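Subject: The structure, and what turned up in it

Hi,

Here is the structure I promised to pass on. Please have a look at it first, and then read on for what I found.

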Amino acid sequence: MAQGEAVTETRNTVCNRDCPDACSIVATVQDGRVIKLAGDRDHPVTRGFLCWRTNHFLNLQYATDRIVTPLVRGAGGEFQPVSWDAALDLIAERLTTFRDQSGPASTVTITVVARWGFLASSLIDFFGCLVQGATKRGDICSGAGEAAQTADFGESESHGLDDLVNARQILLSGKNVFVSSPHTIPVLRDAQAGGARLTLIDPVHHRTARLCEHYWATRTGRRFRAGHGGGSALV
């Protein structure tokens, strides 16, 4: 390798988004900087492609207007950049002050993250040791929805994604897989190849309707009838 020539290599990593797909990513790294992300072709769910969000992750990672330094509000109300050490010292000082003045119950730790990993999973333990305050149970997003579902319909059990290929009928209710679950699409097509029939129920006609044999459009307070070949009719 000539002196000064860029060093390029690929590294296998995983997506840390709050998503059940748990995609495997192949990152192209040049001189310590990630320049490309691609899906791992050998991963059973990823199958060599990534969702729109992860495909555009590097645009956000290296955006010129991305905030990468802690900001503290000054006396005049304007935010001023400070070092990480100064920011962490300020947070620790205020949390311990609240604890010492008003007791542990004066603080509550709410952990809701869109990224997963060791750091996210250790936050509750960290704050528990620091201030020993109250913590929430479950999650204010999916946890609340799951609790409501259990109260309405009882316990729910889910099959693995790959078990869809054994289904004879698959109902997609209010779900645009091309937007929210792109890695479900190859599995649905495999299921169709095995004889499964797909039906979509959604008030909005979108691309997923073209994937299904039947599409039913609904509108509150109105009757509906099934359409075939991606069509629908409101009565």
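Before anything else, a term you will meet throughout: a residue is buried when its relative accessible area is under 20%, exposed when it is over 50%, and partly exposed in between, using a 1.4 Å probe and protein chains only. Helices (H or I, at least four residues) and strands (E, at least two) are DSSP runs, numbered from the N terminus.

Two notes on where the values come from. This is a predicted model, in which local features need pLDDT of at least 70 and side-chain atom pairs count only at pLDDT 80 or more, while totals for chains, interfaces and linings use all residues. Residues are numbered from 1 along each chain as its sequence is written, and side-chain values use heavy atoms, with hydrogens and water left out.

**The chain overall**

The chain has seven helices and 13 strands. Of its 235 residues, 26% are buried. Contact here means heavy atoms within 4.5 Å. Taking the contacts between residues at least 6 apart in sequence, 38% join residues at least 24 apart.

**Helix H7 and Val187**

Which residues of helix H7 (residues 185-193) are buried? They are Ile185, Pro186, Val187, Leu188 and Ala191. The cover over these buried residues includes E8, H6 and strand E9 (197-201). Val187, in H7, has a relative accessible area of 5% and so counts as buried. Leaving aside neighbours within four places in sequence, Val187 is in contact with Arg47, Leu161, Leu164 and Val165. Its C-alpha atom is 8.9 Å from that of Asp163, which is 24 residues away along the chain.

The expected span of a helix is 1.5 Å times one less than its number of residues. Helix H3 (residues 84-102) has 19 residues and reaches 27 Å from its first C-alpha to its last, close to the 27 Å expected. Helix H5 (residues 142-153) has 12 residues and should span 16 Å, which agrees with the 16 Å between its end C-alpha atoms.

**Loops on either side of E3**

Asp31 is not a glycine, yet its phi is positive, about 50°. This residue is in the loop between strand E2 (24-30) and E3, and its relative accessibility of 53% makes it exposed.

Arg47 also has a positive phi, about 55°, although it is not a glycine. You will find Arg47 in the loop between E3 and H1, where it is partly exposed at a relative accessible area of 34%. Gly48 is found in the loop between strand E3 (33-39) and H1, and its 23% relative accessibility counts as partly exposed. Apart from neighbours within four places in sequence, Gly48 is in contact with Gly39, Asp40 and Arg41. The C-alpha atoms of Gly48 and Cys23 are 9.4 Å apart, with the two residues 25 apart along the chain.

**Cysteines**

How many disulfides does the whole structure hold? The search finds zero, a disulfide being a pair of cysteine sulfur atoms within 2.5 Å. Cys19 is partly exposed, at 37% relative accessible area, whereas Cys23 is buried, at 8%.

**The largest pocket**

A volume is the space filled by probe spheres set on the points.

The largest pocket holds about 650 Å³ of space. Its lining has 27 residues, and Pro20, Asp21, Lys175, Ser181 and Thr184 lie nearest its centre. Helix H1 (52-55), strand E8 (169-173) and helix H6 (177-180) each supply at least two lining residues, and E8 gives the most, with three. The lining divides into 15 nonpolar, seven polar and five charged residues; Ala, Val, Leu, Ile, Met, Phe, Trp, Tyr, Cys and Pro count as nonpolar, Asp, Glu, Lys and Arg as charged, and the others, Gly among them, as polar.

Best wishes

Methods: On a 1 Å grid over the protein atoms alone, a cavity is a set of points where a 1.4 Å probe fits but cannot get out, and a pocket is an open set with protein on both sides within 12 Å along at least five of seven lines; lining residues have an atom within 4 Å of a point.
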